[in-house]
Amino acid sequence: MRLLYGLLMLFLTQQLACGSRLFAASASRRSSSSTRGGQRRLLQQQLQRSSLYTAFLPICNSFYTRSRPRGMPSPTSSSSSSSSSPSSSSFSSTFSSPQHKRARVVSFSTIPFSFPSTATLDDGNFRQALASQVRESLHAAFGADAEGADAMVTPATRPEFGDYQCNAALALAKRLKAKPREVAEKLKEELEGRTQEWCEPLEIAGPGFINVKMKNAFVEQKVNGMLSDTSGRLGVARPQKPQKVVVDFSSPNIAKEMHVGHLRSTVIGDTVARVLEFLGHDVMRLNHVGDWGTQFGMLITHLKEAHPEVLAEEGKSETGIGDLVEFYKAAKVRFDEDEEFKLKSRQEVVNLQGGKEETLKAWRTLCALSRGEFQKIYDALGVRLEERGESFYNPMLGDVISDLDKSGLLVESEGARVVFLDGYVTREGERQPFIVQKTDGGFLYATTDLAAARHRALEEKAERILYVTDAGQASHFDQVFQVARQAKFVPDSVQLKHVPFGLVQGEDGKKFKTRAGDTVKLKDLLDEAVRIARDDLIKRSEEGGYLPPDDLEQSAKTIGLGAVKYADLSLNRESDYKFSYKKMLSLSGNTAPYMLYAYARIQSILRKDMGGEDAGAAAAAGTTTTQVVLQEPAELNLARQLIKLTELLQRVEADLYPHVLCEYMYDISQKFNQFYESCPVNTAPTPGLVQSRRTLCALTAQVLRLCLDLLGIEVLQRM
């Protein structure tokens, strides 16, 4: 075993050392094409090939944090008090833009999952409660030698190992220069005195892992606690100190159609906002639309000369956003070829920035036309947003430059006004400028983002500001965050966090496009998903010899749109994923149709025998007073997952990875199937057992429905 342990540690150490040489490409603008932290994911994928990945990763993360190369940016340079799970890590990288060739400077950082030191079992997050007990036990067993030691509590790698696994002994043994198993034995002695109330006797496995399994009676108690919660929150407590959180997501451009690239930001941002809102935080959902800039001078000039009737509509819907796209293309051609047109366009930009009413009226018309089309998409997806575009911050940009100058950060470089940041250098080894004002006096995305960050922190009083954009913008936001901190635009107590995501690809692994090679319009993508779902419902009804549902169109929308959302959210958001209607609309596997079917199946069970429809609805609504009694292993396995709802939601709150919620739902649905196959429900031996199992079914349905709602997916009573 010692030899095996040594070989595993050697392998993992080599993988981490290899990871230090990997680089992640990123661009610096919101509108840039997206490249991901693929090397970071490659490292994780390599580690995941080991069956002990989950157990060893916290140790490896600790090792890697200590061995971060000198001169690299600090892991906390772009956020404060951020938290994530033990298995979460992130690349912060800087790369070249066309204007400035950059040397690649990469920082691999880990932010351990933050367990409150006062976590208790009553809080509902048993992993945090266990971590608190582990820390207390470490202090009691090892005193000052364990100062600052991580509790290293992770979910068990396999069900037979229990519910949780504590890996603290392995890391501490190195510090104490002792054998890991001996450290684990001493820790176990202290820990059992604290866990005996709710856990079975602890077990030590391998070189020093401590396996923890909750007692059956404790699981039963917590299940019934969820059922007795009359607030409908299923035992999920609200935070003692709710935060004001800004979630910046979606961000389409005026006069351009939303395309597949906007899908991920919109659905990920919406889910993050929904989870934070449910937990009890005050969330601002901001849509940072691209509604300001030189392109409007070009478009307005073209419309005045070629299509003045469009600007006379004043928000009426006679002109579609597709027309605006064509007008923009024509204007761009004229701008590139006609010098007189170019001069007029630039003058319109001056008029717009100067507040000339005629130009402002034309601009407002373009915004209204676009806004109406955007809203149709948001309504279909069930997404709420407050528009707060670039134009909102335009009056603040002068103050941003002035205050940067007063702070001593602003420097002139080749006629432009810039800020130099540590860790950013050109390929020639020179300091790379972060431009905030061009040589002609114009402002950039960076200037607007600095103004937005300051306004959100100081005026909106946000305590956490999240930017849901593609991974290619990691470098841009890292620099924005650094400048905002140094200029005191954002207090250290406010968290600035980039929430990156990867690309949507076609099934061939290339950029997702139409057959003609054009970018896929988001509206067309959603309409196609609904059409396929509708056709599938009709086909299955014909093959099964029954009529399609009365609400065929609504069912098709629920399944089709839910499938698109779930396919995106069920994968690690930092990964690229291949868009496939066939896979996402499948009734098997971790898909929305499968989850919707699992929920509808439970409703069918509840409608049977015990009073028909009304009894089923009452049970599903959680109004039953029946106590659940857990006897069979399949019942207990299902219940063990259900009571971890609070833990999973708080993990999403901290890490901002929605796929964790999808995995939780899929695991519940599988455990429910196992329960239903081995434990008769409506035909159970006694009336009391029938009621108990029906109540467990109802609780399962409530948890699935809540999770689907947090993903922005409606449910179907029949399917």
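At what angle do helix H7 (residues 216-227) and H26 pack, and how far apart are their axes? In this predicted model, in which residues are numbered from 1 along each chain as its sequence is written, local features need pLDDT of at least 70 and side-chain atom pairs count only at pLDDT 80 or more, whereas totals for chains, interfaces and linings use all residues. Side-chain values use heavy atoms, with hydrogens and water left out. The two helices pack at an angle of about 65 degrees, and their axes are 11 Å apart, where axes are lines fitted to C-alpha atoms, for helices over the stretch in contact, and angles run from 0 to 180 degrees between N-to-C directions. H7 is therefore roughly perpendicular to H26, on a scale that counts angles under 35 degrees as roughly parallel, over 145 as roughly antiparallel, 65 to 115 as roughly perpendicular and the rest as oblique. The crossing of H7 and H26 is left-handed, a term used if the near helix is turned anticlockwise from the far one by less than a right angle, with right-handed used if clockwise. Val 223, Met 226 and Leu 227 of H7 meet Thr 695, Leu 699, Gln 702 and Val 703 of H26, contact meaning heavy atoms within 4.5 Å.

A further helix also packs with H26. The axes of helix H21 (residues 592-607) and helix H26 (residues 687-710) come within 10 Å and cross at roughly 150 degrees, which means that H21 is roughly antiparallel to H26. This contact involves, among others, Met 595, Leu 596, Tyr 599 and Ile 602 of H21, together with Arg 694, Cys 697, Ala 701 and Leu 704 of H26. The crossing of H21 and H26 is left-handed.

The protein chain as a whole has 26 helices and 16 strands, these being DSSP runs numbered from the N terminus, with helices (H or I) of at least four residues and strands (E) of at least two. Of the 719 residues in the protein chain, 55% are buried, where buried means under 20% relative accessible area, exposed over 50% and partly exposed in between (1.4 Å probe, protein chains only). Among contacts in the protein chain with a separation of 6 or more, 74% are between residues 24 or more positions apart.

Strand S7 (residues 244-248) and strand S13 (residues 464-470) are joined in the parallel sense over four bridges, and Asp 248 has Tyr 467 in S13 as its bridge partner.

Leu 466 is placed in strand S13 and counts as buried because its relative accessibility is 0%. Leaving aside residues up to four places away in sequence, Leu 466 touches residues including Val 245, Val 272, Leu 276, Val 499 and Leu 656. The C-alpha atoms of Leu 466 and Gln 495 are separated by 8.1 Å, although the two residues are 29 residues apart along the chain.

A second open sheet has four strands in the order S3-S4-S6-S5, and its pairing is antiparallel. Strand S3 (153-155) and strand S5 (203-205) stand at the edges with a single partner strand each, so one side of each is left without a neighbour in the sheet. From one strand to the next, the twist averages 35 degrees. S3 and strand S4 (residues 164-166) pair in the antiparallel sense over three bridges, with Val 153 standing opposite Cys 166 in S4. Helix H6 (residues 180-195) packs on this sheet, where it touches S4, S5 and strand S6 (209-212), and its direction makes about 165 degrees with that of S5.

A search of the whole structure for disulfides, defined as pairs of cysteine sulfur atoms within 2.5 Å, finds zero. Cys 662 is in no disulfide, and the nearest cysteine sulfur, that of Cys 707, is 8.9 Å away; Cys 662 is buried, with a relative accessible area of 0%. Cys 697 is likewise in no disulfide, the nearest cysteine sulfur being that of Cys 679 at 9.7 Å, and Cys 697 is buried with a relative accessible area of 0%.

Terms used: Two strands pair if DSSP finds at least two bridges between them.
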